[in-house]
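Hello,

Here is the structure for your files. My notes on it follow.

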Amino acid sequence: MSVKERKANFISQGIILAAASVIVRVIGLIYRIPLARIIGDDGLGAYSNAFEVYNIALLLSTYSIPTAISKLISEREDKKEYGNSFHLLQVGLIFAAIVGFIASLLLFLGADFIAKNIFKEADLSTAIPLKVLAPTIFVFSVMGVLRGFFQGKHTVIPTSISQILEQVVNAVVSVVAARLLIVHFSASQNISAYGAAGGTLGTLCGALAALLFLLFIFFSYYPYLKRRLRKDRIGAYEDKAFLLKVLLMTTIPIILNQTVYSISSFLDSVLLNQVFSSKGIEALVRRTLFGRYSSKYRLMTNVPIAIASAIGMAIIPSIVQAHTSRDAELLKSRIAQAVKLNMMIAMPCAGGMAVLASPIMRFVFGDTGEALEMTSKMMYIGAVSIVFFAYSTATNSILQGVNRMRMPVIHGVISLGIYLVLDLILLLFTPLGVYALVIGNMVFPLIISALNWMVLRRELNYVQELDKTFLRIGLCTAFMAIIASLIYRALFFLTSRNTVSLLAAIGVAVIVYFVMLIVFRAVDEKELLDMPKGAYLVRLAKKFHLM
């Protein structure tokens with residue numbers, strides 16, 4: 001495969017996975033609307049608390065498996081070591097199944113203790129959805145190995161389709177189960193918690209559906225896999241005990257890195273509950289505040305961040321390939337493409353969410369009054385965190401791909417320490433309240449981004465291009481945000497209809513942003529042609545004399 005073909009394939013794989021993440025997140029937003037209205041902010045608080053604990057348990061057990069498997073299988077596939085690749089899959093499945101089962105069991109048995117001691121709940125509301133969610137760790141463990149296996153073979157199609165299927169099933173089951181459980185337990189004092197349990201049941205069912213799909217794809221692919229194994233002439237295969245050791249050595253740094261990243265959200269919940277409980281604020285109010293922060297503000301900002309994570313996952317096999325071949329120029333080119341693609345998505349999302357914060361929250365969650373004021377203010381203040389998270393996530397994946405596994409962990413720990421001290425000071429000694437978490441949510445990825453930036457320059461001699469990647473895209477974003485705000489205000493003044501005004505403003509903003517990218521030469525014809533449907537985009541730009 002030529003350099004140009006490999007580059008185009010890298011971009012295509014990244015955009016396919018990113019597109020799937022967009023679809024998944026959009027579905028997630030759509031079903032959260034009725035879910036939020038069914039279970040209320042209190043239920044969202046219990047739902048969010050349960051997910052924060054679940055995410056940490058998942059991260060500490062097997063969340064890193066897809067990334068590790070993808071990286072290790074990619075290395076062996078590029079060397080045509082098909083037997084070692086298959087043995088690695090077997091080792092990964094056994095390891096993930098055992099660890100996932102233990103983690104699920106511990107989380108289920110410890111749910112009451114967590115609700116009582118960590119979240120300071122007398123009614124143990126968080127324990128109800130957490131117990132329903134616990135088995136999902138085992139399902140995800142096995143599913144994650146299969147996703148990593150296919151991505152290591154340089155295809156993200158099975159992962160992308162399984163993610164969409166997972167979210168569709170999740171959406172349907174979550175809403176239906178939440179409604180049924182709310183009705184069934186209408187006489188219970190924990191009615192909102194049972195509604196939240198319906199939401200977590202959807203997560204379990206969605207994961208099961210995705211696993212079944214991936215198993216179907218794997219067994220359909222198995223005859224071809226056996227034919228490739230017969231072509232493997234490597235002779236002596238790697239010992240499975242050695243492969244397990246390699247898997248562990250690869251997994252542990254990723255676990256530490258991802259845990260440091262995600263534990264910040266868990267610590268948000270713990271700090272808010274512990275500090276506010278010491279100030280005499282009751283559990284219902286605490287759950288309501290955290291529900292708004294986690295399941296509204298964080299959910300919205302996580303949409304573009306998820307795209308960055310998807311591109312990061314797609315980066316790894318490509319970065320490994322360039323690094324293994326010792327092609328420094330190709331490696332630098334792929335790093336530059338990955339960062340620029342992230343910024344092209346993250347910056348306009350941040351700008352749009354900042355200027356349209358209030359109408360977005362009204363449209364998505366139906367917020368009004370005090371709830372709207374709080375959630376829109378969170379979005380306005382914290383939208384810039386999208387850019388920092390996108391850059392830090394992408395550069396973490398790059399560093400992992402070039403075997404600088406410790407650096408993201410070290411940077412995460414440094415940032416986490418600063419974030420913890422800052423959040424604790426703001427919660428204890430300022431009147432900011434829940435907005436302290438929003439500020440911490442910005443500072444945390446900003447520090448990681450700065451540290452990663454320095455390491456890329458020092459370790460890889462990579463000099464980040466600033467003009468087109470940041471300055472011009474930032475200028476396009478600012479122009480787009482101003483136009484979007486003006487369009488919304490004008491239409492809302494004329495129609496008094498939030499939905500029509502918002503959707504029109506977003507539609508115009510997308511067109512304006514694309515035009516500005518070309519007008520300000522933030523992207524050129526060659527870059528557009530490398531993207532999926534690039535030829536169509538170039539023809540469109542030339543038709544309107546933009547290029």
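A residue counts as buried when its relative accessible area is under 20%, as exposed when that area is over 50%, and as partly exposed in between. The model is a predicted one, and the notes below should be read with that in mind.

C349 accordingly takes part in none, and its nearest cysteine sulfur, which belongs to C476, lies 14 Å away. For a disulfide the two sulfur atoms would have to be within 2.5 Å.

Two buried residues

L130 sits in helix 5, which covers residues 127–133. Its relative accessibility is 0%, so L130 is classed as buried. Which residues does L130 touch, apart from its neighbours within four places in sequence? They are A50, V53, Y54, L107, A111 and I114. For one of these, Y54, the separation from L130 is 76 residues in sequence, while the C-alpha to C-alpha distance is 7.2 Å.

S141 belongs to helix 6, residues 136–152. It too is buried, because its relative accessibility is 0%. Outside the four places on either side in sequence, S141 has contacts with T62, A96 and G100.

Helix pairs

Helix 7 (residues 157–184) packs against helix 8 (residues 191–230) with the axes 6 Å apart and an angle of about 150°. An angle over 145 degrees counts as roughly antiparallel, and helix 7 and helix 8 are therefore placed in that class. Their crossing is right-handed. Sorted by class, the residues in the contact between helix 7 and helix 8 are 20 nonpolar, 10 polar and one charged.

Helix 12 (residues 357–365) and helix 13 (residues 369–382) have axes that come within 8 Å of each other and cross at roughly 125°. Helix 12 is therefore oblique to helix 13. This crossing is right-handed. On the helix 12 side the contact involves A357, S358, M361 and R362, and on the helix 13 side L372, T375, S376, M379 and Y380. By class, these residues are five nonpolar, three polar and one charged.

Regards

Terms used. Residues are numbered from 1 along each chain as its sequence is written. This is a predicted model: local features need pLDDT of at least 70, side-chain atom pairs count only at pLDDT 80 or more; totals for chains, interfaces and linings use all residues. Side-chain values use heavy atoms; hydrogens and water are left out. Helices (H or I, at least four residues) and strands (E, at least two) are DSSP runs, numbered from the N terminus. Buried means under 20% relative accessible area, exposed over 50%, partly exposed in between (1.4 Å probe, protein chains only). Contact means heavy atoms within 4.5 Å. Axes are lines fitted to C-alpha atoms, for helices over the stretch in contact, and angles run from 0 to 180 degrees between N-to-C directions. Angles under 35 degrees count as roughly parallel, over 145 as roughly antiparallel, 65 to 115 as roughly perpendicular and the rest as oblique. A crossing is left-handed if the near helix is turned anticlockwise from the far one by less than a right angle, and right-handed if clockwise. Ala, Val, Leu, Ile, Met, Phe, Trp, Tyr, Cys and Pro count as nonpolar, Asp, Glu, Lys and Arg as charged, and the others, Gly among them, as polar.
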